[in-house]
Amino acid sequence: MVKGVAITGMGIISSIGNSVEENYISLINNKAAITTIENISTVHANSIKVGEIKKTNAELIAQLQLDKESNFSRTALLGLIAVKEAVANAGITSINEYKTGLISATTVGGMDMTEKYYYDYFENPEVRKYIISHNCGDVAQKIASEIGLKGMVTTISTACSSAANAIMLGARLIKTGKLDRVIVGGTDALAKFTINGFKTLMILSDGYNKPFDDERKGLNLGEASAFLVLESDEIVKKENKKVLARVSGYGNANDAFHQTASSENGDGAYLAMKKAFNVAALDPSEIDYINVHGTATPNNDLSEGRAILRIYYEKSVPDFSSTKPFTGHTLAAAAAIEAVYSILAIQNNVVFPSLNFETPMQEFNLTPQTTLKHKNIEHVLSNSFGFGGNCSTLIFSKNK
Amino acid sequence: MRKTYINGTGCLSAQKTFDTVFLEDAEWNKNDNVLFLKKPVYKDFISPIASRRMANGIKNGIVASAYAMKEANVTNVDAIITGTGMGCIEDTEKFLKAIIDNNEEFLTPTAFIQSTHNTVGAQIALTMQCKGYNFTYVNGAISFESGLLDAKMQIEENEANSILVGGVDENGDHILSLFKLAGYIKEDRKEPYQLLNETTKGYIHGEGACFFVLENEKKESTYAQLVDLEIKNVLQEDEIETEIIDFLKLNNLEISDIDAIILGFNGDVEFDSYYKNLAENAFANTPQIYYKHLCGEYNTASAFGLWTGSKIIKTQTIPELIKSNSIERPAYNTILLYNQLNGKDHSFTLISK
């Protein structure tokens, strides 16, 4: 196996907690947070449940001590909270001391403000400050500016695999020496736009999402943000840094099948996992836990399950679970929060439970881990797939 | 470390930049503050059934990439990397408007699906059945450069031999009116828009789709070598010159080695000074080129800039229409591009023969 890129910090905010610690406590205590939506007024409020962070924008602004006149979208507010925790966790005090970058990921950007003020912009000059916030890149710009980062700042948007790709790019930038340190992750706030979009695609569950269950009826949307700090081994050595885990493998491939549906045999997913194993120089049998994409849509779980079975052809599939019953599907943030959960699994030697599972799928023999399981975890594989056939796999490994 | 070559280009813009040599049919439109893309014959590239509901950005991306692949004489690539500031903004607006006007009822998914930023890259992949790496960057004015950097890194590291990389953005009615409201786009007026000698706030807006095939080998179709590039989120006006000198030094070059500089002037009096300082001082003796009077400003307009630079190196000519000074060089072998938008998202791109 390869050594992988050192992860020295992480930060997260999701419906199950406002910090890494809070998220972990929820995960080991089966404390899911899929609820009725409160912060957005939508006609679907009674027919859907979401993984919503129960803090208003005003509360987030106060927590971040931002100027009340600032023009942060909710996506940027959530992003900044997670980035600040990650930077503090990595013990960084001087952000530009090394060649540092920020790779963010988002699908909605400032859509929450655009949909709120779509027509108001013409009447009310006071809200026009949010026009520029619509742009996805504005989120990363704002976060960089708040933490004083000057350097390479960019944003990836590949639907629900976005943050996996941000982590992948970050790892490559460290490996090639283009950067010494990089903050990577993703952020997405709930918006009427995505709620209605997924509604029209008829992949929203009217109850609680049940990944890999024969009776699964779709996903719950969620909102979240998570970021990791990746650092070169030179910095780790020089500053004697604690390494939380390592990004050892990564792969991205395209299903090239359909804009919003996955192929029956999960070609893209299979190729992404294959690439990740190649990069990590690991055999699939060395994986101790798979944090599946597991959105609980009929299509995803079937396609992902088949791809996993192709990888583990005639071998046993490791323990796997989807953490989306806890948080909902947080789109561009999904792979980032699941990266944090993968690292927590490695640090604490646990497999998190796949909640709400009852009946195995008829198409294959795959049963997720439904209770918290303690065992040694060396390597975790995390899948994230998105619209446009975008398939990404990350492998996290214990620091040796 | 392997070198990266630009082996094919496909450019759709407000000018006729396809099926032409180099801007011979270009016309400077001084009457409008928003420029619209000159449409190709879509049915030569996409079946009319497929293109009926397809967003303009997707269609333009598919056509521009087809031109680039044809020029490079490749039928598939190892990776597709797209940059877009706003994605398919027309569909985004369509879906948003439907949500608001119909109180979240009677919606259909097409516009939502196409609004996803990576739709262009995904549809290009689908069209050519490319199962390789597929990334989309969405970070304002460096969306395209992020893709270039990624592609270059993959070629250098032996991860890919041939990569399609491009920038695409489209005009949307609502966003254009919002940009006018916020003062990003110049006010409507009767007097002609001059770009270089403007005294007012705001820029001339545009749209385009420009793709490149990058490969690890030099071949007959090669335009230029992509030598290096750098991205910086913020720079003070007085830091730019030092930044450029350092960037050139990393590549063993000095300002005098640059045969032409391509600057992103967009007519905005507030931020064009970033370019003007360079033009009047450090690069006063260098041939200077501007291009946004032809394509307009948009998040991936710098892809048009790279297309311009590639054409100059290949044809060894600079059309009068894009010269902003009269200095000439016997040969154009090394070209530097500098771009930023609203003082943010700075990029330096170095290409050579």
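Lys324(A) sits in helix H12 of chain A, residues 324-327 (helices here are DSSP runs of H or I with at least four residues, strands are runs of E with at least two, and both are numbered from the N terminus). The model is a predicted one, so local features need pLDDT of at least 70 and side-chain atom pairs count only at pLDDT 80 or more, while totals for chains, interfaces and linings use all residues. Residues are numbered from 1 along each chain as its sequence is written, chains are lettered from A and ligands numbered from 1 in the order in which they are written, and side-chain values use heavy atoms, with hydrogens and water left out.

Back to that lysine: Lys324(A) is buried, with a relative accessible area of 1% (buried is under 20%, exposed over 50%, partly exposed in between, with a 1.4 Å probe and protein chains only). Its side chain reaches the backbone oxygen of His293(A) at 2.7 Å. Leaving out residues up to four places away in sequence, Lys324(A) touches a set of residues including Ile34(A), Asn209(A), Thr295(A) and Glu338(A) (contact means heavy atoms within 4.5 Å).

Turning to the two chains together, 63 residues of chain B are in contact with 63 residues of chain A. The buried area between them comes to about 5400 Å², with carbon and sulfur atoms giving 62% of it; this is the accessible area (1.4 Å probe) that two parts lose on being put together, summed over both. Five salt bridges turn up across the interface of chain B and chain A (a side-chain nitrogen of Lys or Arg within 4 Å of a carboxyl oxygen of Asp or Glu). Lys150(A) and Glu239(B) meet in a salt bridge through their side chains, at 2.9 Å from N to O. On the chain B side that touches chain A, the elements giving two or more residues include helix H3 (89-101), helix H6 (143-156) and strand E10 (344-352) of chain B. H3(B) gives the most to that side, with nine residues.

As for cysteines, the structure holds zero disulfides over all chains (a disulfide being a pair of cysteine sulfur atoms within 2.5 Å). Cys160(A) has Cys391(A) as its nearest cysteine by sulfur, 11 Å away, and Cys160(A) is buried at 7% relative accessible area. In chain B, the sulfur of Cys210(B) is 3.5 Å from the closest cysteine sulfur, in Cys11(B), which is too far for a bond. Cys210(B) is buried too, with a relative accessible area of 1%.

Methods: Polar contact = N/O pair within 3.5 Å; in protein donor to acceptor, adjacent residues only side chain to side chain.
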